[in-house]
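Biologist: I would like to learn how to read a model like this one, feature by feature. Please give the general idea each time, then the case at hand.

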Amino acid sequence: MALLWSLALAALPPGGSFIDDDGNTHEGSIEAIAAAGITQGCNPPANTRYCPRDVVSRGQMAAFLSRALNLPEGSDRFVDDDGHLFESDIDRLAEAGITQGCNPPANTRFCPNDQMTRGAMAAMLTRAFQLPAGQDRFVDDDGHLFESDIDRLAGAGITLGCNPPANDRFCPDDTVTRDQMASFLTRALGLDPITPPERVNPIVVVTPREAWGARPADTARMVPHTIERLTVHHAGTQSGTTGPAQFRGWQNWHMDGQGWPDLAYHVIIGIDGTVYEGRDPRYRGDTGTTYDTTGHFLVVVEGDFNNEQPTPEQVESLTRVLAWAAEEYGVSPSTISGHRDHAATTCPGTHLYALIESGSLASAVQDLLDEGGVDLIWP
């Protein structure tokens with residue numbers, strides 16, 4: 001087994017198998033179950049993400065255990081999983097006696113899309129690995145339906161608890177996230193966590209349009225262009241909301257109020273530095289002012305920087321996004337400008353524009369390029 005893990009480690013690229021679990025407490029366990037073929041990722045066919053904080057569904061739980069234990073095929077048991085992505089895994093789980101169903105006493109249903117609780121997870125693992133009886137460990141599971149299973153899980157060292165460092169609680173009715181599940185499986189199978197090599201370059205994971213609730217773009221009306229320069233905007237006067245709710249408002253105004261085919265900007269940078277996907281950069285953006293946006297890579301930073309300072313996280317993300325764009329499109333950091341350089345406006349605000357006017361933003365971008373660049377991961 002040790003040879004398998006050493007070979008897996010040697011084959012891992014910098015940063016590991018997935019782009020969204022860097023620094024996660026459970027990253028070593030995620031790599032271990034990936035090396036064992038128990039998970040491929042959460043965004044097929046690319047499978048570059050693991051979605052560590054997503055809640056495990058009962059269907060996903062079936063797939064994890066079916067792969068982990070190489071369960072044999074089973075017959076169709078339930079009426080609510082026909083055609084489901086994990087139907088075969090569910091049938092294998094039932095055949096092995098790891099699940100009876102979700103609607104006792106009939107147990108004609110599996111509820112594949114229901115969220116997995118920690119208590120139900122304990123029961124499945126107890127049956128899957130035939131765990132021996134354990135002593136009472138936790139103060140919050142007395143009389144719980146799955147108390148015996150939880151005690152067995154603790155006795156086997158598969159769980160420590162849910163409230164470190166005391167760990168006198170199990171939180172049986174809380175849901176199980178995908179990163180937590182990786183650690184449970186790693187311990188249950190006796191796998192060694194795998195620490196991936198550090199990434200050579202900084203990485204920025206772009207949050208997809210679907211995640212912030214963007215409307216479909218009217219691509220038929222969009223104008224293709226070639227990016228030749230990098231231009232920074234700010235949101236200006238705030239709507240009273242922040243984050244995705246505000247971005248949806250921008251898009252609605254741009255499409256319904258202005259008649260544009262999509263949100264004006266190619267990239268959005270939120271208050272906490274999160275980078276969001278905007279308009280496809282292959283197409284020219286839009287503006288309510290007079291300049292021609294052809295050739296401009298448009299980045300908007302959330303905030304009114306005539307009245308507030310950009311957060312350090314925003315400045316870091318802006319620098320990284322611009323470094324990626326400079327390398328991707330072969331344009332010089334010297335092309336970085338603010339909206340006000342092209343039209344009669346105060347955008348991107350006095351405090352953000354100061355970084356552009358002083359040259360410090362372009363200098364920071366050039367430093368990143370000199371150090372090897374940035375990996376920007378689009379959805």
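**Charges over rings**

Modeller: Arg58 lies over the face of Phe110, at 4.3 Å from the ring centre. A charge sits over a ring if NZ of Lys or CZ of Arg is within 6 Å of the ring centre and within 35 degrees of the ring normal. Arg118 is placed in this way too, with its charged end over the ring of Phe170, 4.3 Å from the centre.

Biologist: What kind of model is this, and how are residues numbered?

Modeller: It is a predicted model, where local features need pLDDT of at least 70 and side-chain atom pairs count only at pLDDT 80 or more, while totals for chains, interfaces and linings use all residues. Residues are numbered from 1 along each chain as its sequence is written, and side-chain values use heavy atoms, with hydrogens and water left out.

Biologist: How many helices and strands does the protein have?

Modeller: Helices (H or I, at least four residues) and strands (E, at least two) are DSSP runs, numbered from the N terminus. Here there are twelve helices and seven strands. The C-alpha trace spans about 75 × 45 × 40 Å along its principal axes.

Biologist: What percentage of the residues is buried?

Modeller: Buried means under 20% relative accessible area, exposed over 50%, and partly exposed in between (1.4 Å probe, protein chains only). Of the 379 residues, 49% are buried.

Biologist: How is a pair of aromatic rings described?

Modeller: The description uses the distance of the centres and the angle of the planes. Rings of Phe, Tyr and Trp (its six-membered ring) pair if their centres lie within 6.5 Å; planes under 30 degrees apart count as stacked, over 60 as edge-to-face and the rest as tilted. The structure holds ten such pairs. One of them is Phe297 with Tyr329, a tilted pair at 5.9 Å centre to centre and 45° between the planes. Phe297 belongs to strand 5 (residues 296-301) and Tyr329 to helix 10 (residues 312-329), so the pair ties together parts that are 32 residues apart in sequence.

Biologist: Which ring residues form a cluster?

Modeller: Trp212, Phe247, Trp250 and Tyr276 form one aromatic cluster.

Biologist: Which residues does Ser337 touch?

Modeller: Contact means heavy atoms within 4.5 Å. Leaving aside residues up to four places away in sequence, Ser337 touches Arg229, Leu230, Thr231, Val232, His342 and Ile356. Ser337 lies in strand 6 (residues 337-338) and counts as buried at 4% relative accessibility. Across the whole protein, residues 24 or more positions apart account for 72% of the contacts with a separation of 6 or more.

Biologist: Now the backbone. Where are the cis peptide bonds?

Modeller: One joins Pro44 and Pro45, with omega about 5°. Pro45 is in the loop between helix 2 (27-35) and helix 3 (58-69). A cis bond also joins Pro104 and Pro105, again with omega about 5°, and Pro105 lies in the loop between helix 4 (87-95) and helix 5 (118-129).

Biologist: Which residue other than glycine has a positive phi near 60°?

Modeller: That is Cys111, in the loop between helix 4 and helix 5; Cys111 is buried, at 15% relative accessible area. Cys51 is not a glycine either and has a positive phi of about 55°. Cys51 lies in the loop between helix 2 and helix 3 and counts as buried at 18% relative accessibility.
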